[in-house]
Amino acid sequence: MAKVCFDRAQISAIATTVGDRKLSIDDEKEKFGFDDNSLRRLKKTIGLNSRYVVSEGVCTSDLCYQSAIDIFRRLGIDKKDVEALLFVTQSPDYRAPSTAIIMQERLGLSVDTLAYDINLGCSGFVYGLFTAFSFIQSGLKKVLLLVGDVASSLTGKSDKTLAPLMGDAGSAILIDRVENQKSYFVMHSDGSGYQHLIIPGGACRRPYLRPLLTEDRDIEDISLRSDMDMYMNGGEIFNFSIKVVPKLFQELFEFAGVTEKEIDYFVLHQPNKYILQNISKRLALGEEKIPSKTASVFGNQNSASIPGTINGFLYENFSNLKLKNIFAGFGIGLSWGACYVETNTIYTPQVKTFDRRYYNWSGS
Amino acid sequence: MIETIKLLVLESIEEINKDLQIKEFYSPSLDTNFFDLVDSLVVLNFILDIEQRLEGHFGGYIQIANEEVMDASKTPFRTVKDIIEFITRRVESEG
C-alpha cells in the first residue's frame, strides 16, 4: 500500500497564475445554450459563476513560468541550486518532448537539473508533491514543482457539459530540504474507471485523424465533442468522489496520527461546490476549514486547484501562520491521493493573472 | 415518518420540476420513474433540495448522496417509491 512518511522536505513557496480573461457564466449563457432555469440550477448546485482562461496561444508552461519567476525573484533563489524540475500537466507544449525539459532552459536552470513531465490531472498536485518530497528524501536539496493546465483547451469549445467549468492556471511550488519535518502521503489509483474521464483521441490507441475530426464536427450541435476533447461521465465521477474522499481522509488520519480537529485547513481539489460541501458536511468540518469557492471564481483548475485555492483565498494565513494542512486530489485516472503537510510562514502571494510580458518564448 | 418523507420528496420533485416541466412529474405516483427521466445534474439538484428540506424538518444534516445514487444499475432513485424508502432508511439510520 502506498503510504509513505517523509521527514526531510518542506514547502517554501507557492505561486499561482491564472488566465488573463475573466468569463462570466451569464455572458456565456447563449454560447452554451443555457436557458434561465438551467443556468439557475447550475449556479445553485455546481456553483458556476466565473472562470479565468488564457488568450489564444498561451500555454500552461507560460502560466507556470510566470509563477516560477515570481518565486525566484521574491526569494532570491540561485537557479543553479534547483536540482529537479517536475511538470504535472495534461496540456503540455508538445506531445514530445517533456515540457519540463524545455522549461529547464527557459527558466535558466542548470543542465545538471533532473526534469520530466507527469501526466495527471486533478490528483496531480498531491502526486507531484509526493515525487518532489521523494527526491528530497533521497538527497536532493531543492526541487521546483510546476502544476497546471490550460483546461479550457482540453474540452470541446462549446461542450456545455464541461467547457463552462474549466479555468486555466499554472502554479509553481518550491520544495526544500530541512531536518525533522514530517509529512504523510496516502496514494491510490484505479484504472477500471479510466473511461469515465478521458480524452480518447490523439495518442496511439486512437490516433488523431484531421479529416474525420473536421467532418464529425457539427456546429449546430453545441454539445458535440470530438475524440480530441475531454469526455466526462458526470454521474460516475460524482459517485467516485463521494466514495473515495471521506475514506481517504480516514486513512490519512490514522496513518499520520492526527484528528480533524488538529487540522487548520483541508485544501481539496475543487471540482464543484456541491461535492466539497457534501464532503465537508459528511466529515462535520466547518466551512472555514475546507474552502470551496475556487471553482466558482476561477473555474476548475485541474492539478493547480489546490495551490490555486491557497493563492486565491488562503494566502494571508499561509504567509503569516504555522499551519497543519491536509491536501487531497482526486479525478482522472481514476487517481486519488492525500497528504498531511505542515507549513510555516511560506511565500504565498495572492493569485495573479497572466501578464503578456511573460509570453516571450521564442520556440516554435 | 414515511408519510412525512413522502411529502418532502413530492415537494422536492415539484420544486425541481418548475424548471424541468417533465409531464410525468406533474402528479407523480409511487411508481413514477425518476432516475431515467433526468440527467445527473438534476439528480444532484434533487439531492441538494431534499437534503435542505430534511435538515429543515429534522434539525440536522442527513447525508443522502452516496456512491450509488448516480449508478444506473444500483441507484436508489429509480422510482418515487424507491426514493422515499431509501431516504426513510437514511433518516432512521441517523437516529
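One term before the details: two strands count as paired if DSSP finds at least two bridges between them. Also note that this is a predicted model.

Take strand β13 of chain A, residues 322-331. On one side, β13(A) pairs with strand β14 of chain A, residues 335-344. The two run in the antiparallel sense, with 10 bridges between them. One of the places to look is A:F327, whose bridge partner in β14(A) is A:C339.

How many residues lie between β13(A) and β14(A) in their hairpin? There are three. In that turn, A:G333 has a positive phi of about 145°.

β13(A) has another partner, strand β12 of chain A, residues 265-268. These two run parallel and are joined by four bridges. Here A:Y265 stands opposite A:N325 of β13(A).

Is β13(A) mostly covered or mostly open? Mostly covered: seven of its 10 residues are buried.

Now the whole chain. Chain A holds 11 helices and 15 strands. Of its 364 residues, 51% count as buried. The C-alpha trace spans about 60 × 50 × 35 Å along its principal axes. The radius of gyration of chain A is 20 Å, which agrees with a compact globule, because one with 364 residues would have a value near 21 Å.

Last, contacts. Counting those between residues at least 6 apart in sequence, 80% in chain A join residues at least 24 apart.

That is the end of my part.

How values were computed:
Residues are numbered from 1 along each chain as its sequence is written. Chains are lettered from A and ligands numbered from 1 in the order in which they are written. This is a predicted model: local features need pLDDT of at least 70, side-chain atom pairs count only at pLDDT 80 or more; totals for chains, interfaces and linings use all residues. A residue is buried if 20 or more other C-beta atoms lie within 10 Å of its own, exposed if 12 or fewer, and partly exposed in between; C-beta atoms are placed from the backbone. The radius of gyration is taken over C-alpha atoms; the globule rule is 2.2 Å times the number of residues to the power 0.38. Two residues are in contact if their C-beta atoms, placed from the backbone, lie within 7 Å.
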